[in-house]
Amino acid sequence: MRDYSKEYEVKKMKVEQLLDLIEDNDFIFTPMAASMPQKIMNNMQYLKKTGVKNIILQSCVPTGDFPFFHDPEMKKVMKHHGWFYTSALRKSSEEGLISAVPQHSTSILRKTFDRIRYEKRRPVLMTTVSPMDEHGYFSLSISSIYEMDVIKNGALVLLEVNPNYPRTFGDTMVHISQVAGFVESDCPIPKANIAPYTEIDAIIGKKVATLVEDGSTIQLGIGNIPNAVANELKKKKHLGIHTEMFTETMIDLIECGAVDNTQKGFNDGYCICAFTVGSQRLYDYINNNPTVQFKSSTYANDPYTIGRNNKFVSINATLEMDLTGQCASESTGVRQFSGSGGQAETIQGSQMSPGGKSIVAMHSTYVAKDENGKEVLRSKIVPFLTPGAAVTTSRNDVDYVVTEYGIAWLRAKTIEERVQELVKIAHPDFRQWLLEEAEKNMIW
Ligand code: COA
């Protein structure tokens, strides 16, 4: 067997040496969430010293807050594109240091590469990997959102090798020969334990579970409600998993026997996902586990791929919904809150799947502050979306909407019927107002 240890030693470098490889106009892709290369990101301000300029760095739901997110002087070096905001990036946005990229997860790669070619930029990938194996392969570990495609498109590959990251399979194997340089690091892997969910989440979870038939393939979105839903699915049989984010609650479903991946009709025997973040239990579960496949989102989130699964049920959350069923899931008015991620695509995929359905689950209300700073209850179901809000999911694709007050069936319903359905599941304090607004504005 060939010995890769010499090549390893040649490519191992200090973080400054690695950042010295960055050139003017580079387009830097970073991975999803907890795979952000922490040592490299914590040293990005070193680029101010190297004098490079006109760089673009694209981030996606980064776990953690890095100093360069908030350094106005970095504007001289780079533009920060945010594909999915977090609280750190919302702050960076208020500071005028980031701008959101509206983009589906399956087309972001193709369109970004069109831009890269047009602007004659060099693609660069910076990500975290688990240690090299005896065959010279690193694993992309807990994020394979577009990294493998970026590598295949000829990017300069700069890695952070960290033994705290699990070794996963799918579109994850990067060979040392494909790598320009790497740093070693032992930063702890970011962890997210399952947050305890509320009584309202549990009520919603129970209602959603009534819509999920045995033998369904499920996708769970981000937030507390999907966790509550998973808990309620434990009595189901022969479920399969095809999802963007793999969650710890899915391990519970596998271990209790509710998920066996036998009736998906596509990728039977495997859970398909694109990224994960969770507890040490989750990282231990996926480590060296060939049954959890980390696939690029160009595959995992592609509605055509999703549509090949039997009875695919997408379960997602939203921030605001109008009376016709349009979902603003990533912004509150003009303010970018998160990102579209794979929401619209998984929902579109459910429409293509035999027996598929899409479910949007949300609390009926949220708490806001009025102009005097007093807490007030507001309805998430509204006559019109807040001006400036981005429609993440089209009303054409939403089948069922679930709140703590019930299930609204929008499938094949007219706008007049949708208004009736959605008013029924709105908080009682807002039902009359919604009906009056619908009448006044002729929403029928
Ligand atoms: N207007 C203003 N603020 C609102 C609001 C509205 N209509 N609805 C909720 N909020 C506030 C909440 O009060 C909360 O505020 P806080 O952080 O100060 O407590 C905040 O917005 C988040 O709301 P919450 O309901 O707790 O969000 P969540 O963590 O359950 O996530 C989404 C819900 C919609 C933001 C999240 O699922 C998302 O980003 N989705 C888009 C992408 C996606 O679905 N990806 C998965 C597909 S693979």
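This is a predicted model: local features need pLDDT of at least 70, side-chain atom pairs count only at pLDDT 80 or more; totals for chains, interfaces and linings use all residues.

Trainee: Which domains does the assignment of the protein chain give?

Mentor: Domain bounds are taken from an automatic or database domain assignment, and here that assignment gives domain 1 (5–184) and domain 2 (199–440). Their centres, taken over C-alpha atoms, are separated by 29 Å, and 29 residues of domain 1 are in contact (heavy atoms within 4.5 Å) with 31 residues of domain 2.

Trainee: How many cavities of 30 Å³ or more does the structure hold, and which residues line the largest cavity?

Mentor: On a 1 Å grid over the protein atoms alone, a cavity is a set of points where a 1.4 Å probe fits but cannot get out, whereas a pocket is an open set with protein on both sides within 12 Å along at least five of seven lines; lining residues have an atom within 4 Å of a point. Points are joined across faces, edges and corners, and a volume is the space filled by probe spheres set on them. The structure holds one cavity of 30 Å³ or more, and the largest cavity has about 40 Å³ of space. Its lining consists of Trp-83, Ala-100, Val-101, Pro-102, Gln-103, Glu-330, Gln-336, Gly-339 and Ser-340, with at least three residues drawn from each of domain 1 (5–184) and domain 2 (199–440).

Trainee: What lines the second largest pocket?

Mentor: That pocket, with about 190 Å³ of space, is lined by Leu-319, Glu-320, Thr-332, Gly-333, Tyr-366, Val-367, Lys-380 and Thr-386.

Trainee: Which residues come nearest to the ligand?

Mentor: A residue is counted as near a molecule if one of its heavy atoms lies within 4 Å of it; of the 21 residues around the ligand, Glu-244, Leu-319, Ser-338, Gln-343 and Lys-380 come nearest. For polar contacts with the ligand (pairs of N or O atoms within 3.5 Å), a polar side-chain atom of Gln-343 lies 2.8 Å from a ligand oxygen atom, while a polar side-chain atom of Lys-380 lies 3.0 Å from a nitrogen atom of the ligand.

Definitions and conventions. Residues are numbered from 1 along each chain as its sequence is written. Side-chain values use heavy atoms; hydrogens and water are left out. A polar contact is a pair of N or O atoms within 3.5 Å; within protein, one must be able to donate a hydrogen and the other to accept it, and residues adjacent in sequence count only if both atoms are side-chain atoms.
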